[in-house]
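User: I would like to learn how to read charged side chains in a protein model. Could you take me through the general idea and then the case at hand?

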Amino acid sequence: MANVVVVGSQWGDEGKGKIVDWLSERADIVVRFQGGHNAGHTLVVDGTTYKLSLLPSGVVRKGKLSVIGNGVVLDPWALADEIAKIEKLGVGISRDNLRIAENATLILPLHRELDSLREAQAGDGKIGTTKRGIGPAYEDKVGRRAIRVMDLQDLPSLKPKIERILAHHNPLRRGLGQPEIGADALCSELTAIAPKVLPFVDTVWALLDRERRAGKRILFEGAQGALLDIDHGTYPFVTSSNTVAAQAATGSGLGPGAINYVLGITKAYTTRVGEGPFPTELKDETGRLIGERGVEFGTVTGRPRRCGWFDACLVRQTRKVSGINGIALTKLDVLDTLPELKICVGYRLDGREIDYLPAAQTAQARVEPIYETMEGWAGSTRGARSWAELPAQCIKYVRRLEELIEAPVALLSTSPKREDTILVHDPFVD
């Protein structure tokens, strides 16, 4: 049996929540390995809708262990709120089904404030962050001044660490015209929230190694998408962590040899939230129609998503960077009845054709998509659970995507319902 990494192959919002939930029935452990509460999953289980941001999708399944890995930046107040909301829906959260890595970095109130202040002052140069403190928390992690989960276990040692982080942040706050933060006040806030976090703390790398050796199946759940990766995404319009599959190893404490299969969640068209390049974006009636049909609004922010045609160039690129073995194609039903469909098969940049998105920001802004046009299909794919139920032209579209991105479809989703999934290859069967 294989251990599976699930990553988004586009700019996020590809429908990872449903696929991870669908796969979690086959897994024993579900691990979040990067990001924070800036990403959201919407799950519908037995008629109940769960909106998750920090908690791994496995928490809604009985008998599954959910793990927040060291690669995640954790807002303890957001975690406490999310646990309370989930418990009101009848899902009990305890050490039996949730563990948190002791070496995960904490998001503090000052991180949220700095995120908002910077974005407000950026004007036309804004990145489009969720203003939840993700970036500033990762900055402090790399700057070796972060407060980590394990620090809540040793409150007497907390004060000097807080003074260290404030020695960096208070000058920034003064420069932004904001009052300084007192060490005692921040220490009191962390002392108060500590009991909400400490029951779940564990040495996660050792836990996962032990469970893997015992033959347990592990599902690694990524947030955002590969095109938002800090190294390989559309920089600077990216998130502050690595979102590609390799981060599953670093962000959980398991070596890369523990990863057997990478599943890339891929929407049948393309969307992105916030600022940044989007070669196939549609600003016409077709783009509006796709957005309405796909209910393209952010789970966390509520912001409308920009919509466009499928970009095979980009997905092929992220397939290679993330080592994707197969894709889960989602939201195919949104394209039902469109008379024709376009697929981006390359770009023109300054008069020459290229087959990848360049790394330079200015070049990304100048690329023009080269389209291949296909006939649409008149029938409905919504709710289909076998290839036989799909219109012939729809199957041609799916097969053409496979050719262009150089990866097979392992799963095909035809509605938000978890049951409406066509299984071609089980990622857990190595």
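Predicted model: local features only at pLDDT ≥ 70, side-chain atom pairs only at ≥ 80, totals over all residues.

User: How many helices and strands does the protein have, and what radius of gyration does it show for 430 residues?

Analyst: The secondary structure amounts to twelve helices and 20 strands. A compact globule of 430 residues would have a radius of gyration near 22 Å, and the protein, with 22 Å, agrees with that. Of these 430 residues, 56% count as buried, and among contacts with a separation of 6 or more, 76% are between residues 24 or more positions apart.

User: How many salt bridges are there?

Analyst: Side chains of opposite charge can pair when their charged atoms come close. Here the cut-off is a nitrogen of Lys or Arg within 4 Å of a carboxyl oxygen of Asp or Glu, and the count comes to 30 salt bridges.

User: Which parts does the salt bridge between R61 and D21 tie together?

Analyst: The closest N and O atoms of R61 and D21 are 3.0 Å apart. R61 lies in the loop between strand 4 and strand 5, whereas D21 belongs to helix 1, so the pair links parts that are 40 residues apart in sequence. With buried meaning under 20% relative accessible area, R61 counts as buried at 13%, and D21 counts as buried at 1%.

User: How far apart in helix 9 are R288 and E292?

Analyst: R288 and E292 are four residues apart in helix 9, which means that about one helical turn separates them. Their salt bridge has its closest N and O atoms 2.2 Å apart, and R288 is partly exposed, at 39% relative accessibility.

User: Where do E372 and R400 lie?

Analyst: These two side chains, E372 and R400, meet in a salt bridge at 2.8 Å, N to O. E372 lies in strand 18 and R400 in helix 12, so parts that are 28 residues apart in sequence are tied together. E372 is partly exposed, with a relative accessible area of 23%, and R400 is likewise partly exposed, at 24%.

User: Which side chain of opposite charge is nearest to D115, and how far away is it?

Analyst: D115, placed in helix 3, is buried yet has no salt bridge, since the nearest side chain of opposite charge, R118, is 6.4 Å away. The side chain of D115 does reach the backbone nitrogen of G133, at 2.9 Å, and the residues that D115 touches include T129, K131, I134 and P136.

Technical notes:
Residues numbered from 1 in each chain as written. Heavy atoms only, no water. Helix = DSSP H or I, 4+ residues; strand = E, 2+ residues; numbered from the N terminus. Buried < 20%, exposed > 50% of the residue type's maximum accessible area, 1.4 Å probe, protein only. Lys, Arg positive; Asp, Glu negative; His and termini not counted. Polar contact = N/O pair within 3.5 Å; in protein donor to acceptor, adjacent residues only side chain to side chain. Contact = heavy atoms within 4.5 Å. Rg over C-alpha atoms; globule rule 2.2 N^0.38 Å. Lists of a residue's contacts leave out its neighbours within four places in sequence.
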